[in-house]
Amino acid sequence: MAESNFVDYVKILCRSGKGGRGSTHMIREKYAAFGGPDGGDGGRGGHIILKGNRNYWTLLHLRYDRHIFAGHGESGGRSRSFGKDGANKIIEVPCGTVVYNADTGEFLCDVTEHGQEVILLKGGRGGQGNTHFKTATRQAPRFAQPGEPMQEVTVIMELKLLADIGLVGFPNAGKSTLLSVVSAAKPKIANYPFTTMEPNLGIVSYRDGQSFVMADIPGIIEGASEGKGLGLRFLRHIERNSLLLFMVPADADDIRKEYDILLNELAQFNPEMLDKQRVLAITKSDMLDQELMDEITPDLPENIPHIFISSVTNYNIQQLKDILWAELNRDSNRIDDSATKDTLVHRAKDLVILKKELKDEGENDEIMVETSIDGSDDSDLDDLDDDFEIEYEN
Ligand SMILES: Nc1nc2c(ncn2[C@@H]2O[C@H](COP(=O)(O)OP(=O)(O)OP(=O)(O)O)[C@@H](O)[C@H]2O)c(=O)[nH]1
Ligand SMILES: [Mg+2]
């Protein structure tokens, strides 16, 4: 997987900036007899922000930047001058990026829309300068508030492509061929299994300038859930599709059995996949005549729509599009405004699975951290009175 440009899994260390400390400065001027406090507030630490960008299709660009640190807030200064805020770090990600805590597997956030910004880690607030602590009885506070500490987390970012329809089939079923016929995508097509090694997306134009997005993923075989073939790692790219198009070739020994195997593998990956609407296409039907189709039909699953197609002769391709469009637009399947409302709840990752995943993805190497972040910077506390509690308002 290492040489591929299609990167859909990365582990990154993120750290926000700490807040700048408030200043303890005292006025010392020739004509101000007793001066007094004039220390300004520290600046806010930089946030770590994720931003959806539809021009990115993979997480490849993040492979080269494993440590993402925002800037620290500067300390406050004399004459009530504020410290400068630390610079935010914006991480641009493709739409469909899901973020998990790499240590606990906890789901943190996801980014589905172009331009959408999500604060992953907040920068520490700046401390208040000593001017805030002046009271009638304490005219010259020689302390100020330290800045809030920075936050750190190692995350796993996973890309789950956002498409309307996902193609599900054994290798060689004709998935890529169909995509090449109904869209402008040019996936590799060949008469051997596992031609497709990474997902392809295509935009299918429908009547009246409407369109939908189709995702072609590598073929699934029996035992994929135990890691056979290319395993199930690519299934995450059809997790969010509202509709699954199952494809079984006309020359399969047992069409019904192939369909059941596919269904079972999806269930092993995530049982919620079975809640999605399905359509079955019997591909390569140019190899069948009407008589054979009639013979096959009674054995097909009863509860879902099916259609015989041929990408080579274009047989029933328009009818297939009609069925897909109708299913997509059934209220029960509709994804509001293409994926603002997710079709799938992101669950926390099981720790055992997480460990295995990291190993499979070659991401289990430790990310080195140069400095520790136990938060408080002791030097900030030097001037504090013992009896004074510093609290941040929320
Ligand atoms: N006769 C006939 N052959 C087809 C049809 N569609 C695809 N094929 C052939 O089937 C073979 C496999 O097609 P692909 O589109 O690469 O199959 P795939 O499902 O993408 O396969 P993987 O990427 O390996 O999972 C190719 O040799 C295609 O030319 C069809 O409608 N009729
Ligand atoms: Mg293919």
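Trainee: How many residues lie between β12 and β13 in their hairpin?

Mentor: Five residues separate the two strands of this hairpin, and Asp 208 in the turn has a positive phi of about 55°. This is a predicted model: local features need pLDDT of at least 70, side-chain atom pairs count only at pLDDT 80 or more, and totals for chains, interfaces and linings use all residues. Residues are numbered from 1 along each chain as its sequence is written, while chains are lettered from A and ligands numbered from 1 in the order in which they are written.

Trainee: In which sense do β12 and β13 pair?

Mentor: Strands pair if DSSP finds at least two bridges between them; strands (E, at least two residues) and helices (H or I, at least four) are DSSP runs, numbered from the N terminus. Here β12 and β13 (residues 211-216) are antiparallel, with six bridges. Asn 200 stands opposite Asp 216 in β13.

Trainee: Is Ala 173 buried or exposed?

Mentor: Ala 173 counts as buried because it has 25 C-beta neighbours inside 10 Å, the cut-off being 20 or more, with 12 or fewer for exposed and partly exposed in between, using C-beta atoms placed from the backbone. Ala 173 sits in the loop between β11 (165-169) and α1.

Trainee: Which residues does Ala 173 contact, leaving aside neighbours within four places in sequence?

Mentor: Contact asks for C-beta atoms, placed from the backbone, within 7 Å. Ala 173 contacts Gly 219, Met 247, Val 248, Pro 249 and Thr 283. Thr 283 is 110 residues from Ala 173 along the chain, yet their C-alpha atoms are separated by 6.9 Å.

Trainee: Which helix gives the most to the shell around ligand 1?

Mentor: Helix α1 (residues 175-182) does, with three residues.

Terms used: Contact = placed C-beta atoms within 7 Å.
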